[in-house]
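Please open the structure in your viewer, with the sequence panel beside it, and follow the stops below in order. Each stop says what to select and then what is there.

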Amino acid sequence: MPPLTGPKSGDALFGSVERVNAELFTLTYGAIVRQLLTDLEEVEEVNKQLDQMGYNIGTRLVDEFLAKSNVSRCVDFKETADVIAKLGFKMFLGVTATVTNWDAEGTSCSFVLEDNPLVDFVELPDTCQGLQYCNVLSGVIRGALEMVSMKTEVTWVRDMLRGDDAYEMRVKLTKQVPEEYPYKDDD
Amino acid sequence: MGREVAESCVDGVVMQMVAAYCGGFYAAKPELAARRIEAIGFQVGHQLTERYTMERPRFSDHLEAIKFICKDFWSELFKKQIDNLKTNHRGTFVLQDNHFRWLTRVSVDPSVESMDATENDSTTLGDSAAQTTSMLLYFPCGIIRGALTNLGISCSVTADMSNLPACSFVVRIKT
C-alpha cells in the first residue's frame with residue numbers, strides 16, 4: 001500500500017525519532033577512537049576499523065530511515081544524494097548537509113557539513129596525523145547506499161580537525177545493481 | 001535543551017564497539033575485551049560528570065553523589081531516573097533500572113534467535129547472545145565508575161541482568 005502522505009520534512013523526521021543528549025554520542029565516539037588508537041598500532045588500521053564500524057551501522061540505519069521517512073523510490077543517484085543530505089543527516093544527526101560539485105555524468109558529488117556533532121570538544125594532537133576522525137560517517141554512507149543497491153567509494157576532501165573550513169566527503173557511485181523483477185521463486 | 005542526536009546513533013556506535021572488541025580484536029580473550037569496553041565507559045562517565053556538575057556545589061557525602069547519579073545523571077542519559085536505590089549502609093549500593101534502555105533491543109532467548117537451528121546451534125546462539133549482553137554491560141558499569149571517580153568516590157561496579165530488561169548495578173565503594 002503506498003504511503004498516504006508525502007515524505008516528511010527533515011525537521012518533522014528529527015522530531016519523530018527517539019533522541020538522546022548529543023554529548024553522550026560525541027563523548028562515546030571520542031572514547032572509542034581514543035581506545036582504538038591505543039589498541040591498534042597503525043593510524044591507518046584505526047581508519048579502517050572506524051569505516052567498517054560505520055558500514056555496519058549504515059546497513060541498519062537505512063532500514064530505520066526508510067521506515068520513518070515516507071521516502072519512495074529514488075529514480076537516480078542525484079535524487080538519492082539529495083534525500084540523504086536533506087533528510088538523512090537531519091533525521092540522525094540534527095544537521096543538514098549540502099550536496100555540491102557534481103561531475104558531468106552525475107555519478108560523483110560532495111557532501112559538505114559545516115556543523116558536525118561528532119567533533120564537539122575534539123582536538124587532535126600532532127601524533128594523530130593521518131587519522132580520519134569522522135571515518136565512521138563515510139562508512140555509514142557506504143553501508144546505507146549499498147543496501148539500496150548503490151556501490152560507492154567515499155573519501156574525505158576537507159576536515160575541520162585539520163584546519164579546513166568544513167567537512168567534505170566525496171562520494172563516487174561505482175556500480176548500481178538493477179533490481180530484478182519479478183523475483184524468481186526458488187523451486 | 002541542548003543539542004540532540006537520534007538514539008539509534010548511540011545504539012549503533014555502542015553495538016559496534018562491543019562487536020569490534022568481542023568479535024574482532026579480542027575474540028579469544030573476553031577479559032581483555034571487557035576491560036577495554038569498561039575503560040571506554042569510564043572515560044565517558046568521567047567526562048559527562050564534568051559537564052553535568054559544572055554549576056553544582058560539592059556533594060556533602062557519598063549518598064548525595066549516588067543520588068545524583070540515580071536522578072540527574074541517569075535522566076540525562078536515559079530520560080528516566082533509576083527506579084530503586086538500596087544500600088547496606090556499609091559502602092554497597094544497588095541501583096536498579098526496571099527497563100534499562102540499552103537492553104530493550106537485546107534478545108537472549110535462544111528460541112527467538114534460532115527457530116530453525118538444531119539443539120547445539122540453539123545452545124551456542126543463546127550463549128553467544130548472553131555473552132554479548134554481558135559484554136555490553138561493561139560499558140554502563142564503566143560510565144558509572146567514571147562518573148563516581150570524578151566525584152571523588154573510588155569504587156567498583158558490576159551489573160546483574162538476571163531479570164531482563166531490568167538491570168541492577170552494584171556499586172562497591174573502596175575505603
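Before the first selection, one term is needed: a residue is called buried when its relative accessible area is under 20%, exposed when it is over 50%, and partly exposed in between, as computed with a 1.4 Å probe on protein chains only. Helices (DSSP runs of H or I, at least four residues) and strands (DSSP runs of E, at least two residues) are numbered from the N terminus. The model is a predicted one, in which local features need pLDDT of at least 70 and side-chain atom pairs count only at pLDDT 80 or more, whereas totals for chains, interfaces and linings use all residues. Residues are numbered from 1 along each chain as its sequence is written, chains are lettered from A and ligands numbered from 1 in the order in which they are written, and side-chain values use heavy atoms, with hydrogens and water left out.

**Stop 1: a strand of chain B and its neighbours**

Select strand β5 of chain B, residues 167-173; six of its seven residues are buried, so the strand is largely enclosed by the rest of the structure. Which residue of β5(B) is the bridge partner of B:S156? It is B:R172, and B:T92 likewise stands opposite B:R172.

**Stop 2: a salt bridge in chain B**

Stay in chain B and select B:K80 and B:D97, whose side chains meet in a salt bridge at 2.5 Å, N to O; the term stands for a side-chain nitrogen of Lys or Arg within 4 Å of a carboxyl oxygen of Asp or Glu. Because B:K80 lies in the loop between α3 (62-78) and β2 (84-87) of chain B and B:D97 in strand β3 (residues 92-97), the pair ties together parts that are 17 residues apart in sequence. B:K80 is partly exposed, with a relative accessible area of 23%, whereas B:D97 is buried, at 0%.

**Stop 3: a strand of chain A**

Move to chain A and select strand β3, residues 108-113; six of its six residues are buried, so this strand is largely enclosed by the rest of the structure. With side chains shown, A:S108, A:S110 and A:V112 point one way from β3(A), while A:C109, A:F111 and A:L113 point the other way. Three bridges join β3(A) to strand β2 of chain A (residues 98-100), antiparallel to it, and here A:T100 has A:S110 as its bridge partner. Six bridges join β3(A) to strand β5 of chain A (residues 167-176), also antiparallel, and here A:C109 is partnered by A:V171.

**Stop 4: salt bridges in chain A**

Select A:R142 and A:D51, which form a salt bridge whose closest N and O atoms are 2.5 Å apart. Since A:R142 lies in helix α5 (residues 135-147) and A:D51 in helix α3 of chain A, the pair ties together parts that are 91 residues apart in sequence. A:D51 is buried, with a relative accessible area of 18%. Next select A:K151 and A:E146, whose side chains meet in a salt bridge at 3.7 Å, N to O; A:K151 is partly exposed at 38%, and A:E146 is partly exposed at 27%.

**Stop 5: where the chains meet**

Finally, show both chains together: 35 residues of chain A are in contact (heavy atoms within 4.5 Å) with 32 residues of chain B. Between them the chains bury about 3,200 Å², 63% of it on carbon and sulfur atoms, where buried area is the accessible area (1.4 Å probe) that two parts lose on being put together, summed over both. Highlight A:V20, A:L24 and A:L27, which supply 19% of the area that chain A buries against chain B, more than any other three residues. Then select A:V20 with B:V5 in β1(B), which stand opposite each other; β1(A) and strand β1 of chain B (residues 4-6) pair in the antiparallel sense over three bridges. How many salt bridges does the rule find across this interface? It finds two. To end the tour, select B:R3 and A:D115, which form a salt bridge with their closest N and O atoms 2.4 Å apart.

How values were computed. Two strands pair if DSSP finds at least two bridges between them.
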